[in-house]
Amino acid sequence: MGALTYFDFLAKFGVGGAHPGGIILTKELLANEKITNQSHILDAGCGTGQTAAFLAQQYQANVTGVEINPIMIEKAKNRFETMKLPVQLIQGSVEEIPSAANSFDFVLSESVLAFVNKPKTLKEFYRVLKKGGRFIANEMTINQKLSMQEEQEIKQFYALDSLLLEEDWKELLEKTGYKNIEVKKQKQSLAEGNHAPEFNFSANFEPELFAIFNMHANMVLKYQDILSYRIITCTK
Ligand SMILES: C[S@@+](CC[C@H](N)C(=O)[O-])C[C@H]1O[C@@H](n2cnc3c(N)ncnc32)[C@H](O)[C@@H]1O
């Protein structure tokens, strides 16, 4: 087995709402959108399925989750079965979504896009969105340019191919064809954390994952003025 990663920690600890602001911020963002029981929603990189379950329960919407990690998939599946929610779960990559073009009214990406090939995935989201459909994301963003060394440290720990500034996100979204682009900074910083943490631990996990948890916490503290996130909303 290769070296353990930040995603191994998230999957084996079963972290739900694994994005800045957690499910509390998710609910706030969704309340601003016109979601109904007719809406078709893709939760891209759904993790253990906390947001997908909320969408199915609160709005009775038609929800699909795509997730690449088999442990996450298993935990999401258990959640939907336990809650008796008809969420469709697809194991696959957000970079190549096995859904037809123009399928979804909403695509959600809560701390997923930052970790994948961004131009490719944004094109995929655009393809599967219906005309007039909304893309909503909560993504890692840097507040200022970094030194080479700082950039390397963050990219290596989170296995990122790039770190974007607010203006980089805007440019990329425009280039892909999205309209009504808004990229907003939140009052709460990354270091202020997620006030509704949820865990679903695997029966067995490597104790080294605690060290990864600590490294993540230290990274957030060390770069608290630089490493941040933005709420992205736009329309196809
Ligand atoms: C930081 S977590 C966020 C999970 C979830 N959206 C949430 O807010 O709790 C990122 C998730 O993206 C998933 N992921 C990473 N790369 C992916 C890919 N190429 N396709 C699908 N999911 C991916 C990871 O397995 C992980 O579950």
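Predicted model: local features only at pLDDT ≥ 70, side-chain atom pairs only at ≥ 80, totals over all residues.
Seven strands, in the order S3-S2-S1-S4-S5-S7-S6, form an open sheet with mixed pairing. Strand S3 (88–91) and strand S6 (179–185) stand at the edges. Each has a single partner strand, so one side of each is left without a neighbour in the sheet. From one strand to the next, the twist averages 15°.

Glu 67 has Gln 91 in S3 as its bridge partner. The bridge partner of Lys 179 is Thr 235 in S7.

Strand S7 is largely enclosed by the rest of the structure, because 9 of its 9 residues are buried. Its side chains point two ways. Leu 227, Tyr 229, Ile 231, Thr 233 and Thr 235 point one way. Ser 228, Arg 230, Ile 232 and Cys 234 point the other way. Both sets are buried.

H2 touches S4, strand S5 (129–142) and strand S7 (227–235). The direction of H2 makes about 25° with that of S7. Helix H5 (residues 118–128) lies across S1, S4 and S5. H5 runs at about 155° to S5.

Helix H3 (residues 50–59) has 8 of its 10 residues buried, so this helix is largely enclosed by the rest of the structure. The buried residues are Gln 50, Thr 51, Ala 52, Ala 53, Phe 54, Leu 55, Ala 56 and Tyr 59. They pack against two helices, H2 (22–31) and H4 (70–82). They also pack against strands S1 (40–44), S2 (62–67) and S4 (104–110). Just after H3, Gln 60 takes a positive phi of about 50°.

Salt bridges were then examined. Side chains of opposite charge can pair when their charged atoms come close. A search of the whole structure finds 12 salt bridges. One of them joins the side chains of Glu 198 and Arg 79, at 2.7 Å from N to O. Glu 198 lies in the loop between S6 and helix H8 (208–222), and Arg 79 lies in helix H4, so the pair ties together parts that are 119 residues apart in sequence. Glu 198 is partly exposed, at 23% relative accessible area. Arg 79 is buried, at 16%.

A second salt bridge joins Asp 161 and Lys 118, at 3.2 Å from N to O. Asp 161 sits in the loop between helix H6 (148–158) and helix H7 (166–176), while Lys 118 belongs to helix H5. The two residues are 43 residues apart. Asp 161 counts as partly exposed, with 47% relative accessibility. Lys 118 is buried, with a relative accessible area of 2%.

Strand S7 takes part as well. Glu 166 forms a salt bridge with Arg 230, and the closest N and O atoms are 2.6 Å apart. Glu 166 lies in helix H7 and Arg 230 in strand S7, so the pair ties together parts that are 64 residues apart in sequence. Arg 230 is buried, with a relative accessible area of 4%. Salt bridges with shared partners join Glu 166, Lys 170 and Arg 230 into one network.

Terms used. Residues numbered from 1 in each chain as written. Heavy atoms only, no water. Buried < 20%, exposed > 50% of the residue type's maximum accessible area, 1.4 Å probe, protein only. Helix = DSSP H or I, 4+ residues; strand = E, 2+ residues; numbered from the N terminus. Contact = heavy atoms within 4.5 Å. Pairing = 2+ DSSP bridges. Axes fitted to C-alpha atoms, helices over the stretch in contact; angles between N-to-C directions. Salt bridge = Lys/Arg side-chain N within 4 Å of Asp/Glu carboxyl O.
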